[in-house]
Amino acid sequence: MSPYVLLLLLFSLGLGTTMTFASSHWLLAWVGLEINTLAILPLMAQSHHPRAVEAATKYFLIQAGGAAVLLFAGTTNAYLTGQWDIQQAAHPLPIAIITLALALKLGLAPLHSWMPEVFQGLSLTTGLILATWQKLAPLTLLLQIQPVNSPLLIFLGLASTLIGGWGGLNQTQLRKILAYSSTAQLGWMVLVLQFAPSLTTLAILVYITAATATFLTLKLAKATSINMLAISWAKAPALVALTPLVLLSLAGLPPMTGFMPKWLILQELSKQGLAPTATLAALTALLSLYYYLRLSYAMTLTMFPNNLAGTLPWRLSSHQLTLPLACLAIATISLLPLTPAALTLVAL
């Protein structure tokens, strides 16, 4: 792909997300989401592989359907309330329709079934954009409407944490595992969204850091399946020793950074009188922990079953920049002591 075309597409991605961030009008928010969708489609199909074209087609159809439902809900809200302002969506019917449309665009369960298939057809770089940047605009709209006392959000959050953990148990393809991981992480954010939006913001920032470190690690190892992780030790031994800590941070185990948002979310849910919900969410996190440990085991404690013919993998030089990966890995592992500072920011 030409650098100028790539620059134009990345600029369009930033423009669409920024437009949705800054909009207070449903029509402008819809335009921003559409720009986002159209900008990432060429990136998804740039390899011209049938799987990539299929993934781009599926993504376009799903996102177009979600945007159409969102526009319909915005029109319904304007008909019922007399205005298009996002924060004036007070009628429960438009709020419910908008929440479901944004859940479809985010990939929340039970509207998540498109995500693993789309991720499987993408490169790791495009999958990283889809798992992180593309979640920001719909999540911002959810934060703006803030449906209070909505059982729908609790249901979507719990279903996402459960299915996101359960769905990845039997997978061997890394991109499908990361898709289910994204669904599970979004479930945690949605659970606390109506009670403490600042905690949702903290959770998405921590998830973006950990997910970026994970995707860059897999890209450096050139691994797309669990079996391919078995030769990673020969390519980057130090990175393979560090990767289990990154994966455990993504799972939310102490003393890694990923424990911070889950701990604060469970604490907030308990304060809101939702101790059973917090307990169930904590139990579903164990399902996700299983496949993170499975990836760690495949990377560090197994060897590839066959001898490799040709060039030995440790003699191949990588063209990927390792400084961003190193910074992200350190941030993913070691920021838990900054929890008091995060609590101060959340209180503000």
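Student: How many Å separate the centres of domain 1 and domain 2, taken over C-alpha atoms?

Tutor: This is a predicted model, in which local features need pLDDT of at least 70 and side-chain atom pairs count only at pLDDT 80 or more, while totals for chains, interfaces and linings use all residues. Residues are numbered from 1 along each chain as its sequence is written, and side-chain values use heavy atoms, with hydrogens and water left out. Domain 1 covers 1-139 and domain 2 covers 148-307 + 320-347, with bounds that come from an automatic or database domain assignment. Taken over C-alpha atoms, the distance between the two domain centres is 23 Å.

Student: What area is buried between domain 1 and domain 2?

Tutor: In contact terms (heavy atoms within 4.5 Å), 25 residues of domain 1 meet 29 residues of domain 2. Buried area is the accessible area (1.4 Å probe) that two parts lose on being put together, summed over both. Carbon and sulfur atoms give 78% of the area buried between these domains, and that area is about 2,400 Å².

Student: Which residues in domain 1 lose the most area to domain 2?

Tutor: Together, the residues in question account for 27% of what the domain 1 side buries. They are Q120, L124 and L139.

Student: Which residue forms a salt bridge with E117?

Tutor: A salt bridge here is a side-chain nitrogen of Lys or Arg within 4 Å of a carboxyl oxygen of Asp or Glu. Side chains of opposite charge can pair when their charged atoms come close. For E117, the closest N and O atoms of the pair are 3.6 Å apart, and the partner is K176.

Student: Which helices each supply at least two residues of the side of domain 1 that touches domain 2?

Tutor: Helices are DSSP runs (H or I, at least four residues), numbered from the N terminus. The rule finds 1 salt bridge across the interface of domain 1 and domain 2. On the domain 1 side, the helices that each supply at least two residues are helix 4 (92-106), helix 5 (114-120), helix 6 (124-131) and helix 7 (133-145).

Student: How far apart do the end C-alpha atoms of residues 59-80 lie?

Tutor: The unreviewed UniProt entry places the feature "transmembrane region" at several spans, including residues 59-80 and 233-253, although such annotations may be inferred rather than shown by experiment. Residues 233-253 are 86% helix and 0% strand, with end C-alpha atoms 24 Å apart. Residues 59-80 are 100% helix and 0% strand, and their end C-alpha atoms lie apart by 31 Å.
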